[in-house]
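Please look through the sequence and the 3D structure shown here before reading on.

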Amino acid sequence: MSKKSAKTEELIEALCDDRVSTAFLNKFQERLICELNNKIEQKFNDLLSDLNEKLKTSVTQITTDILKESFSSIKQNLSKLDERLTLLETRSIQNDLYIVGLKANQTEKADQSLQNQNQPNQNKKTTDLVVDHIRQVLDIPIDTRDINLAYRTKKITDSNTSPPILVSFSSISLKNEVITKAKSLRKQPGTYPNIFYNERLTKSNSEIFFLARQLQRNKKIHATWIYRGEVYVRKEQLSKPVKIITSKDLSLYE
């Protein structure tokens, strides 16, 4: 019998002894548990690292989406707020218009010369001048009670030109009547003086109207006009009027 076979038989006999087999199993179990713990710990660390990376990516994406959504919401709210402010400003001046080309008389000039130059060129004589003009030229029966405010936008000089007059009527219906009557008379050649009635616009609507008139000159739209201080356009001759709230609305017609 070879030495190798003899050692094998001796090992088998030893394992048959309960004390030897128990000791062997205990030793083997400890080592096995240690190896398993190392493997499990390594696997757990790998999974944890992978989870952290995925979590970071997810958190970054979620944060980016939330910020984008919040920014978009804030932008929309600001836009709506701007529209509301513009609407409120428009309504606050909807009774106003500018009269351009109405020359000052001597009474108005004399009355203005007595005023402080640092104050607006507002006086009763200007109101009287506007009332007389509307009565005589436009044939609209009004008196000074129909006008809340009337003043020259600049101080009158000695030249023949007179600054525009800002007039605030007591009602929007009266203002519209003045504009309608002036347009009607202007269509009759030789019967109307070189005087213009322009609606008072907010800065925003003034810029929008300027852009709209450019589109009309370039034949991108059929017409544009002002009604109650707001800008309207008509794409084609028979199209429905469209109110323009912001300059972005005009991009549809470019």
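## The chain as a whole

A residue is called buried when its relative accessible area is under 20%. In this predicted model, 27% of the 254 residues of the protein chain count as buried. The protein chain exposes about 18,400 Å², and carbon and sulfur atoms supply 54% of that area.

The protein chain has 6 helices and 8 strands, and, read from the N terminus on, its elements follow the order α-α-β-α-β-α-β-β-α-β-α-β-β-β.

Ile74, Leu78, Leu81, Leu85 and Leu88 together make a nonpolar surface patch of about 500 Å². One of these residues, Leu81, has its place in helix H2, which covers residues 18-92. Leu81 has a relative accessible area of 44%, and therefore it is described as partly exposed, since that term covers values between the 20% limit for buried and the 50% limit for exposed.

## An open sheet and the helix on it

Three strands form an open sheet in the order E6-E7-E8, and their pairing is antiparallel. Strand E6 (223-227) and strand E8 (242-244) stand at the edges, and because each has a single partner strand, one side of each is left without a neighbour in the sheet. Neighbouring strands of this sheet are turned against each other by 35° on average, when direction is ignored.

Between E6 and strand E7 (residues 230-234), which run antiparallel, there are 5 bridges, and Ala223 has Arg234 in E7 as its bridge partner. Helix H6 (residues 203-217) packs on the sheet, where it touches E6, E7 and E8, and the direction of H6 makes about 155° with that of E6.

Most residues other than glycine have a negative phi. With a relative accessibility of 75%, Lys219 counts as exposed.

Arg228, which is not a glycine either, has a positive phi of about 55°, and this residue is found in the loop between E6 and E7. At 37% relative accessibility, Arg228 counts as partly exposed.

Note on methods: Residues are numbered from 1 along each chain as its sequence is written. This is a predicted model: local features need pLDDT of at least 70, side-chain atom pairs count only at pLDDT 80 or more; totals for chains, interfaces and linings use all residues. Side-chain values use heavy atoms; hydrogens and water are left out. Patches are made of residues with over 30% relative accessible area and no salt bridge: like charges are joined within 9 Å, nonpolar side chains (Val, Leu, Ile, Met, Phe, Trp, Tyr) within 5 Å. Accessible areas come from the Shrake-Rupley method with a 1.4 Å probe; for residues, only the protein chains shown count as cover. A salt bridge is a side-chain nitrogen of Lys or Arg within 4 Å of a carboxyl oxygen of Asp or Glu. Helices (H or I, at least four residues) and strands (E, at least two) are DSSP runs, numbered from the N terminus. Buried means under 20% relative accessible area, exposed over 50%, partly exposed in between (1.4 Å probe, protein chains only). Two strands pair if DSSP finds at least two bridges between them. Axes are lines fitted to C-alpha atoms, for helices over the stretch in contact, and angles run from 0 to 180 degrees between N-to-C directions. Contact means heavy atoms within 4.5 Å.
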